[in-house]
Amino acid sequence: MKNLLSILLVTIMATNLGYAKKQAAMLTPAPGAENVNVDTRLSILFDSELVIGEKGLIRIFDEATGLCVDSLDMSIPAGPTEGTKLPKAPYTLKPYVYDQPRHTNRTIKPGTPSGTAAPASDEYQLNIIGGFTDAFHFYPIIVRGNRAEIYPHNNMLDYGKSYYVTVDPGVLSVGGKPFKGVTKKDGWRFTVKSSAPAASQRRLVVAADGFGDFNTVQGALDFIPEFSSETWTVYVKNGDYEELVYFRNKSNVTIEGESREGVYIHYPNNEVFNPHPADVSTNEWLGTFPSRRAPFMMDNCTDMTLCNFTVATTCRGQAEGLLIMGERNVVKDVTVIGDGDALQANGSLFMENCRIEGGGDTVLGRGPVYFKDCTLLSRGPFAYVRNGTASHGDVFVDCTLIGLTPRAVFARTNGTYPQCEMVLIDCTLENIPAEGWEGVTKGPYDYVHYWESGSRNPDGTPADTSRRAEGSRVLDPVDDAALIKAYRDPAFVLGGWNPCNK
């Protein structure tokens with residue numbers, strides 16, 4: 001049995017350069033590898049610096065039939081970039097053949113509208129992720145050092161089949177010289193595992209090195225049925241997971257990392273690269289939330305638990321690290337890193353012992369969210385709360401808020417959400433402006449609940465709240481004792497749901 005991670009050194013003569021120069025490349029999966037996961041990435045490791053080219057195809061062929069099952073066209077731009085008008089290019093495969101075990105013989109063309117959004121022509125790379133046929137822009141190749149990671153379209157491979165890979169000249173340059181490529185004759189062949197995990201298996205292991213049920217977090221989540229009443233666990237082993245994760249309509253799933261620092265899920269995504277549909281600003285249909293700018297997106301999901309990993313967007317521009325839509329969800333021992341916003345939460349959410357880092361409006365959403373023993377760092381306002389009368393907003397209990405610039409007020413309001421609520425109970429504050437809140441006097445602020453109680457400095461002494469903005473409120477420990485006690489109760493904040501009983 002040939003192991004997935006056994007690396008075969010292949011030497012490709014660069015005859016097209018006109019002189020005898022060898023380009024050494026290590027291919028993963030190794031040529032001849034068996035028992036490969038169905039969601040495998042492809043990678044090429046060189047001994048020299050790489051540059052991604054602007055032409056050529058990367059193709060995967062069914063070895064038995066010779067059919068091209070996937071194709072990545074490097075002449076198509078990955079996605080829009082701020083201030084840049086990129087050339088138009090057709091999508092690689094028309095129609096996009098989306099064929100996964102639970103949705104066989106289904107042909108879908110990406111770009112179908114979200115909810116009632118108007119359809120738009122797309123001129124960039126597209127990948128259907130988590131069954132969301134609006135599709136996402138993505139990078140077909142990402143270079144890290146001397147390694148080129150190749151990202152096939154999701155769910156294009158089948159269990160029990162063998163494939164071979166070709167790479168056209170021009171896809172990459174190595175050490176300043178064009179890479180000759182990989183032909184069928186070079187033998188980059190591999191065989192996928194004979195079968196999927198057993199239908200009764202409720203614990204799925206994700207391992208970036210291939211020693212698990214899946215290589216990617218997305219692969220494991222795609223395997224779990226929508227609206228399942230069964231309890232599932234996705235255990236993610238330590239590793240680097242550079243992938244866009246989007247899933248919807250999942251229930252009763254725990255996604256658990258091996259260690260908080262060792263499991264790193266990230267992607268260079270933001271609002272420019274994957275923008276909202278131009279004519280949609282709110283959720284249209286359940287499971288079609290229009291925002292797709294975060295690296296990790298959980299849409300219309302219930303009774304989920306995320307724990308013990310780090311998730312981050314790795315480029316500048318407005319993008320949450322974590323986006324959650326749904327009810328009765330729990331996030332524990334997770335680090336969330338965004339740029340601009342870091343966390344968007346719409347629906348009842350309990351967060352405990354989390355670290356959240358953002359650039360302003362760091363926590364965004366309609367709530368209700370209960371934060372316990374969390375640490376937040378922000379370059380601008382910590383929150384932009386959008387709840388109405390139907391629910392509470394954001395409540396922070398025994399948390400630490402660290403301002404990174406003089407703009408780091410607790411929250412801002414502009415009158416658009418007159419019922420918004422942010423409450424701080426016994427929180428430690430560092431580098432917070434004296435006024436605490438921004439814009440609270442603009443608009444019908446009588447209904448705004450910008451409240452705090454027991455605020456303290458890092459050394460434990462009481463914080464100076466004497467100059468807080470008009471319209472905010474410092475709760476009195478005696479007169480408001482019952483109110484303070486109520487806000488310490490997660491069930492009071494979360495509409496009767498007590499996650500501590502979960």
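The model is predicted: local features need pLDDT of at least 70, side-chain atom pairs count only at pLDDT 80 or more, and totals for chains, interfaces and linings use all residues. Residues are numbered from 1 along each chain as its sequence is written, and side-chain values use heavy atoms, with hydrogens and water left out.

Start with the sheet. Strands here are DSSP runs of E, at least two residues long, numbered from the N terminus. Two of them pair if DSSP finds at least two bridges between them. Five strands form an open sheet in the order S3-S15-S12-S6-S7, with mixed pairing. S3 (33-36) and S7 stand at the edges with a single partner strand each, so one side of each has no neighbour in the sheet. Strands of a sheet pair through backbone hydrogen bonds, either parallel or antiparallel.

Now look at S6 (residues 57-62). It pairs with S7 in the antiparallel sense over five bridges. It also pairs with S12 (residues 162-167), again antiparallel and over five bridges. Find arginine 59. It stands opposite serine 71 in S7 and opposite threonine 166 in S12.

S6 and S7 form a hairpin with five residues between the strands. There, glycine 66 takes a positive phi near 80 degrees. Five of the six residues of S7 (residues 68-73) are buried, so this strand is largely enclosed by the rest of the structure. Buried means under 20% relative accessible area, with a 1.4 Å probe and protein chains only.

Finally, confidence. pLDDT is the predictor's confidence in each residue, from 0 to 100. The chain's mean is 87, and 87% of its residues reach 70 or more.

Methods
Buried means under 20% relative accessible area, exposed over 50%, partly exposed in between (1.4 Å probe, protein chains only). Helices (H or I, at least four residues) and strands (E, at least two) are DSSP runs, numbered from the N terminus.
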